[in-house]
Every structure is written in structure tokens, then in C-alpha cells.
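Please examine the sequence and the structure shown here. The briefing that follows is intended for a reader new to them.

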Amino acid sequence: MRGNEAPEVRYERLRPADLEKRISRMPAAYLPLGTLEYHGPHLPLGADGLQASELFVMLARRIGGVVLPMLFLGPDMRTKNGNEEFYGMDILSFPEEQPRRLPGSAYWISDSLMTALLEGVLRNLRRIGVRIVVAHGHGPSTRLFRSMREQWEEETGLLLEDLWGAEIDEQNGFMVDHGAANETSISLALLSEYTDIAALPPEGTVTGIAGADPSRHASPRRGADLVARCLDDAERRILARMHDET
């Protein structure tokens, strides 16, 4: 780090001594749960993991710890029609019709495979001295992580958290819709170079998103407010859990 340059916190970019120093000071690892998934015509295909990654970098620079590379595979609802598979918003976007493949979505794995993958991540993090793992991103992945939290904490001795606090509605939560006003606002604040609000129709239903109309209700200011609120809440909860365990 030179001058006032922000410290590097991304695991894969750290040298061994830098990693060990960061873990010794704050034994936290942040895991972005991503997908490669259609989030409307205006957001990048990696929106889930990218939003979580950017937030985690800010959090690691604030309270310490390291940010892991994004996992871009994840579970979701799934169906088949002949040899073709459909999942997630392929199905939900067309409730009265046959599913349709949305462009760019390429991420599905089974719950059992995702469970095994996350268990492997946790074992590897424990061996390098991590004490708390914070995972967040794709909704079905985050819900699976939450559902296994008590069991995995008992089995691994790690503390596990995510970014959904007490309030996870669209006004207060972080990544609580699909490509709609909440995620679009966050992307405008954190991923402006990859977000094109002009690609949306001026008003009305957009295939492949779920939630409040982003063309009417999304803004960089709303995104910045959501990010600030989430950072404050995550810092409070993570430090409280670390303190309770010491």
C-alpha cells in the first residue's frame, strides 16, 4: 500500500505474509455467493456476486478480514422440458406459460452439491485461522447457508453470518429482490460502470426481474443509503459475535 491507497483485502491478491497479518488482526473471511444469471437488460450477469464482493471489500477495509473469490454456481428451482433445463427466473418470469431460457443464465447446481462445496470452503478457511465467515449474494445460496448455520457452526467451530439483518424488506435489506429497484439501486451505487439504467423500458413490467420497477424506484442515492445501512448493521453484528466468543 502506498500513501493513502486503500489496503488490498482480496484473498487471491494477497501475498502469504499479508494474508496471515490480516487474519491475525481480524480472523474474518467474506464469501460472495454469486451466479451468472440474467438480472434484466440493465445489470451485469454477475450482479449477485459483484454486489456482495464490492460490499465485502468495503466491510473488510472497515473492520478487517479478507474477501474470498466469488462462487458463481448456486442452487435454485429447476425443471426440465425434454433435454432442456430451466431454472430460477426462467420459471418465475412466466408463471402462466412454459418456462423460457433467459439469456446468459449458466449457474445451476443442486442443493447437495452446493452444500458440499460450502462445507469444503469452511474446512479450508478454518485451517488458516479464520474464526467467522460471512456469506451473502444469490438468494437461494444465502438461504441454504442460513439453513445450515447451526449445524455447520457446531461441526466446524466457526461463526457464520450473512448480510440479512432483522429487516430484509426492499426498503432496508441488501439484495432482497431480483434485478428490481433494490438490486438496481445497489448496482448504481457500487457497479455504475456495468449498469445501464437506459436499457430498461421507461415504465412497466420487465421480463426476468422481480420486485419494484427499477425505472421508477431505483437511484444511486437509494443504493448508497442501502449500502451505508448494511455496512453499519454488519459491522455491529460481526463485532458483537466476535466479542461474545472471546
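Leaving aside residues up to four places away in sequence, Ile 128 touches Tyr 11 and Ile 23, where contact means heavy atoms within 4.5 Å. This is a predicted model, in which local features need pLDDT of at least 70 and side-chain atom pairs count only at pLDDT 80 or more, while totals for chains, interfaces and linings use all residues. Residues are numbered from 1 along each chain as its sequence is written, and side-chain values use heavy atoms, with hydrogens and water left out.

**Ile 128**

- Ile 128 lies in the loop between H4 and S5; helices (H or I, at least four residues) and strands (E, at least two) are DSSP runs, numbered from the N terminus.
- With a relative accessible area of 27%, Ile 128 is partly exposed, because buried means under 20% relative accessible area, exposed over 50% and partly exposed in between (1.4 Å probe, protein chains only).
- Ile 128 and Arg 229 are separated by 101 residues in sequence and by 31 Å in space, C-alpha to C-alpha.

**Ala 181**

- Ala 181 is placed in helix H7 and is buried, its relative accessible area being 0%.
- Between Ala 181 and Pro 214 there are 4.0 Å in space, C-alpha to C-alpha, although they are 33 residues apart in sequence.
- Not counting residues up to four places away in sequence, Ala 181 touches Ala 212, Asp 213, Pro 214, His 217, Ala 218 and Arg 222.

**Helix H6**

- The buried residues in helix H6 (residues 149–156) are Trp 152, Glu 153 and Thr 156.
- These residues are on the same side of H6 because they cover an arc of only 105 degrees around the axis, the arc being that of the directions from the helix axis to the C-beta atoms.
- Exposed residues Glu 150 and Glu 154 are carried by the face of H6 turned away from its buried side.
- The cover over the buried residues of H6 includes helix H4 (111–127), helix H5 (139–147), strand S6 (159–161) and helix H9 (220–245).

**Helix H5 and its crossing with H4**

- Gly 139, Ser 141, Thr 142, Leu 144 and Phe 145 are buried in H5.
- Packed against the buried residues of H5 are strand S1 (28–33), H4, strand S5 (132–137), H6 and S6.
- The axes of H4 and H5 come within 11 Å and cross at roughly 65 degrees; axes are lines fitted to C-alpha atoms, for helices over the stretch in contact, and angles run from 0 to 180 degrees between N-to-C directions.
- H4 and H5 make a right-handed crossing; a crossing is left-handed if the near helix is turned anticlockwise from the far one by less than a right angle, and right-handed if clockwise.
- Asp 111, Met 114, Thr 115 and Leu 118 of H4 make the contact with Ser 141, Leu 144 and Phe 145 of H5.

**Helices H2 and H7**

- Helix H2 (residues 47–63) and helix H7 (residues 181–190) have axes that come within 10 Å and cross at roughly 55 degrees.
- H2 is therefore oblique to H7, since angles under 35 degrees count as roughly parallel, over 145 as roughly antiparallel, 65 to 115 as roughly perpendicular and the rest as oblique.
- The crossing in which H2 passes H7 is left-handed.
- From H2, Asp 48, Gln 51, Glu 54, Leu 55 and Met 58 meet Glu 183, Ile 186, Ser 187 and Leu 190 in H7.
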